[in-house]
Amino acid sequence: MTDYGFIGLGSMGSAMSSHLVNAGLTLYCYDSAGTAKLAPKGAIVKSSIEEVAKLSEVIFLSLPDGKVVLQVAQEIQDTKESKTKIVVDLSTTGPEFAMLISSLLSKSNIVFIDAPVSGGRSGAENASLALMCSGPDKEIKDLRNLFSLIASNVIQVGKDPGQAQAMKLLNNFLSATSMAATSEAVLFGRSHNLDLDTMLSVLNVSSGRNTATEDKFPNRILTETYDAGFAASLMSKDVSLFREQVDKAETPSRIIEVISALWKETNEFAPGGDFTEIYRYLKKTSKSQ
Ligand code: NAD
């Protein structure tokens with residue numbers, strides 16, 4: 001019997017870990033913001049990363065960024081009498097952190113699987129996420145059934161750490177661009193007295209359809225709830241990471257330049273707020289409402 005660990009029980013981690021527990025896995029959990037209040041029912045609450053590493057062969061991470069994942073990976077690696085053989089990182093950290101973390105863990109013969117997810121909190125709650133992974137074939141094959149407990153689409157994109165992170169960043173660049181462009185488009189429509197609901201009805205049967213028109217606008221903006229469960233700070237982090245990587249790769253960067261600046265402003269406009277706040281931010285800058 002394999003024992004599992006889960007570190008980081010926030011918006012995504014709390015939902016993803018609950019599916020693992022519900023499938024009958026023994027799951028040792030930890031979150032620095034208070035494990036007892038965040039862990040899913042049926043999980044075993046632990047009070048440190050070290051305790052989780054001593055008990056778990058496979059540890060899942062869902063943490064804010066690469067710096068935090070690196071710190072946590074270091075603590076796993078430093079644990080004496082650790083049982084950990086595999087670390088699966090479900091966070092978005094960027095390719096460079098994934099490579100760094102993989103090489104750190106390999107010193108203790110721990111296999112690192114780079115496995116970011118897409119689909120937001122609702123995808124995590126419904127286990128309908130897309131999980132893109134890179135790492136050695138054998139471990140990914142062995143873990144595939146477990147991944148299917150949290151994701152309806154599991155796609156191995158390569159064998160090297162960082163490849164799945166590159167995939168995740170380019171995906172989030174498109175998601176961020178859709179949110180920003182849709183906000184500008186419908187604000188223009190409002191200046192011509194077009195109703196938001198009507199515009200979405202047209203867009204969703206036309207060529208402008210995208211994830212913002214299909215999901216975020218009808219479910220989070222039209223409702224004025226602004227609660228997609230993905231922080232503006234995390235989207236700003238993702239597009240900044242994408243921009244850094246594009247600059248390094250010397251691939252075209254005209255759109256990401258504008259988009260990364262816009263998300264930085266949105267994060268300043270709504271500190272601690274949801275990423276759908278970009279619509280409220282752009283609306284505030286619009287001369288005609
Ligand atoms: P979150 O901030 O809600 O959760 C992160 C959790 O990690 C928090 O509960 C925090 O207390 C915990 N944590 C921070 N430092 C820790 C440490 N040193 N030890 C233990 N726990 C620690 O973030 P989230 O929205 O759940 O996102 C998690 C990751 O998934 C991020 O990398 C994000 O970019 C990515 N992601 C988020 C979404 C989304 O829609 N929310 C979608 C896809 C991917």
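## Packing of helices 4 and 5

In this predicted model, helix 4, which spans residues 66-78, packs against helix 5, residues 95-106, at an angle of about 5°. The axes of helix 4 and helix 5 are 10 Å apart. Angles under 35 degrees count as roughly parallel, so helix 4 is roughly parallel to helix 5.

On the helix 4 side, the contact involves Gly-66, Lys-67, Val-69, Leu-70, Ala-73, Gln-74 and Gln-77. These residues meet Phe-97, Leu-100, Ile-101, Leu-104 and Leu-105 of helix 5. By residue class, the contact of helix 4 with helix 5 comprises eight nonpolar, three polar and one charged.

## Domain arrangement and interface

The protein chain is divided into domain 1, covering 3-159, and domain 2, covering 166-285. A distance of 28 Å separates the C-alpha centres of domain 1 and domain 2.

At the interface, 15 residues of domain 1 are in contact with 15 residues of domain 2. The area buried between domain 1 and domain 2 is about 1,200 Å², with 56% of it on carbon and sulfur atoms. In domain 1, the residues that lose the most area to domain 2 are Thr-92, Pro-95 and Glu-96, which together account for 38% of what that side buries.

## Salt bridge

One salt bridge is found across the interface of domain 1 and domain 2. Glu-96 forms a salt bridge with Lys-248, and their closest N and O atoms are 2.8 Å apart.

## Packing of helices 12 and 13

Helix 12 (residues 254-269) and helix 13 (residues 277-285) have axes that come within 9 Å and cross at roughly 90°. Since angles of 65 to 115 degrees count as roughly perpendicular, helix 12 is therefore roughly perpendicular to helix 13.

Helix 12 contributes Leu-262, Trp-263, Glu-265, Thr-266 and Phe-269 to this contact. Helix 13 contributes Glu-277, Ile-278, Arg-280, Tyr-281, Leu-282 and Lys-284. The residues of the contact of helix 12 with helix 13 fall into six nonpolar, one polar and four charged.

Terms used:
Residues are numbered from 1 along each chain as its sequence is written. This is a predicted model: local features need pLDDT of at least 70, side-chain atom pairs count only at pLDDT 80 or more; totals for chains, interfaces and linings use all residues. Side-chain values use heavy atoms; hydrogens and water are left out. Axes are lines fitted to C-alpha atoms, for helices over the stretch in contact, and angles run from 0 to 180 degrees between N-to-C directions. Helices (H or I, at least four residues) and strands (E, at least two) are DSSP runs, numbered from the N terminus. Angles under 35 degrees count as roughly parallel, over 145 as roughly antiparallel, 65 to 115 as roughly perpendicular and the rest as oblique. Contact means heavy atoms within 4.5 Å. Ala, Val, Leu, Ile, Met, Phe, Trp, Tyr, Cys and Pro count as nonpolar, Asp, Glu, Lys and Arg as charged, and the others, Gly among them, as polar. Domain bounds come from an automatic or database domain assignment. Buried area is the accessible area (1.4 Å probe) that two parts lose on being put together, summed over both. A salt bridge is a side-chain nitrogen of Lys or Arg within 4 Å of a carboxyl oxygen of Asp or Glu.
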